[in-house]
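Okay, thanks for making time, everyone.

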Amino acid sequence: MNKEELRKLYIQKRAAITAAEKLKADDLLLIQFQKLHIEIPALIMTYAPLEKMNEFDPQFITDYCYFKNPDQVLFCPVIHPTTPTMLSVIVNDETEFALNKFGIPEPVNATPVFPEEIDMVIVPLLAYSVKGHRVGYGKGYYDRFLKECKNDVIKIGFSYFAPEPLIEGTNRYDMKLDYCISPERIYSF
C-alpha cells in the first residue's frame, strides 16, 4: 500500500483500540523499550501526543529514561509558523502548551536548541515497514528535521501494530528509523 492508503488504514486501526487495550499495549511498549540495548542518552526529543488520534504517549518512555539518566533534558517540536520546518525547544514540568494550526500541542515561549545537539528522537508514526520507513501524518516535518540532526542520533518509533512488508512511494527524502518498538518485539533497522 502507498502512504496515503496506510495513513487512512492506521488512523482507523488506532481509533478502534479501546482504552483498556491501549493501557495494556502502553505497558508492553515500555517493557520492550527496557529491553533495548542502548545507553539512555541525556538529550531526548519527544512529542506531545494527539489524544484525539489515540496516539502513543511517550511520557512512559521519557519517565523511564529520566530514571535511568537523571541528567536528561527533554525537547519538543514546534512547527515554524511560515515555513514547512520545525524547531526543537527545551521543555520541563512548567512548560505551557498550546494547540498549533494542526491541533497539535506545542510548547509556548520555550528555548530552541540546535537539532545536532539531540541524542535521541522519539518519532511519532502511524505505520512503519520492515525496512524502517514510517508513515506520519503527511507533512514531512520530521523527515526535514531529522536531516538536520547529527548522523548518530537515535531515531525510534513506537507502534501498537506490527510492521508493513512494504510502504510504496518511499524516496530518498524519507528518513528511516533506527528502531521501532511494538508490544511484541523490538525492530532494528
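Predicted model: local features only at pLDDT ≥ 70, side-chain atom pairs only at ≥ 80, totals over all residues.

**The sheet and what packs around it**

So, start with the sheet: eight strands make it up, it's open, the pairing is mixed, and the order reads β6-β3-β2-β1-β7-β10-β11-β12. Strands and helices here are DSSP runs, numbered from the N terminus, with at least two residues (E) for a strand and at least four (H or I) for a helix. Two strands pair if DSSP finds at least two bridges between them. At the edges you've got β6 (112-113) and β12, each with a single partner strand, so one side of each has no neighbour in the sheet.

Residues are numbered from 1 along each chain as its sequence is written, and side-chain values use heavy atoms, with hydrogens and water left out.

Back to the strands. β2 (residues 73-79) and β3 (residues 86-91) run antiparallel, paired over six bridges, and leucine 74 sits opposite valine 91 in β3. Helix α3 (residues 59-68) packs on the sheet, touching β1 (43-45), β2, β7 (120-123) and β10. The direction of α3 makes about 160 degrees with that of β7; axes are lines fitted to C-alpha atoms, for helices over the stretch in contact, and angles run from 0 to 180 degrees between N-to-C directions.

Now β7 itself. With β1 it pairs in the parallel sense over two bridges, and methionine 45 has valine 121 as its bridge partner there. With β10 it is also parallel, joined by four bridges, and isoleucine 122 stands opposite isoleucine 156. Which way do the β7 side chains point? Met120 and Ile122 go one way, Val121 and Val123 the other, and all of them are buried. Buried means under 20% relative accessible area, exposed over 50%, partly exposed in between, with a 1.4 Å probe and protein chains only. Valine 121 is at 0%, so it counts as buried. Its contacts (heavy atoms within 4.5 Å), skipping residues up to four places away in sequence, include Met45, Tyr142, Leu146 and Ile156.

On to the core, meaning buried Ala, Val, Leu, Ile, Met, Phe, Trp, Tyr and Cys residues joined through side-chain atoms within 4.5 Å. The largest one has 51 residues, and among those with the most contacts inside it are Phe33, Val121 and Phe158.

Rings next. Rings of Phe, Tyr and Trp (its six-membered ring) pair if their centres lie within 6.5 Å; planes under 30 degrees apart are stacked, over 60 edge-to-face, the rest tilted. How many aromatic pairs does that give? Eight. For phenylalanine 33 and phenylalanine 158, the centres are 5.9 Å apart and the planes at 55 degrees, so that pair is tilted. Phenylalanine 33 is in helix α2 (residues 19-35) and phenylalanine 158 in strand β10 (residues 154-158), so the pair ties together parts 125 residues apart in sequence. Both phenylalanine 33 and phenylalanine 158 are buried. Tyrosine 128 and tyrosine 187 have ring centres 5.8 Å apart and planes at 65 degrees, so they're edge-to-face.
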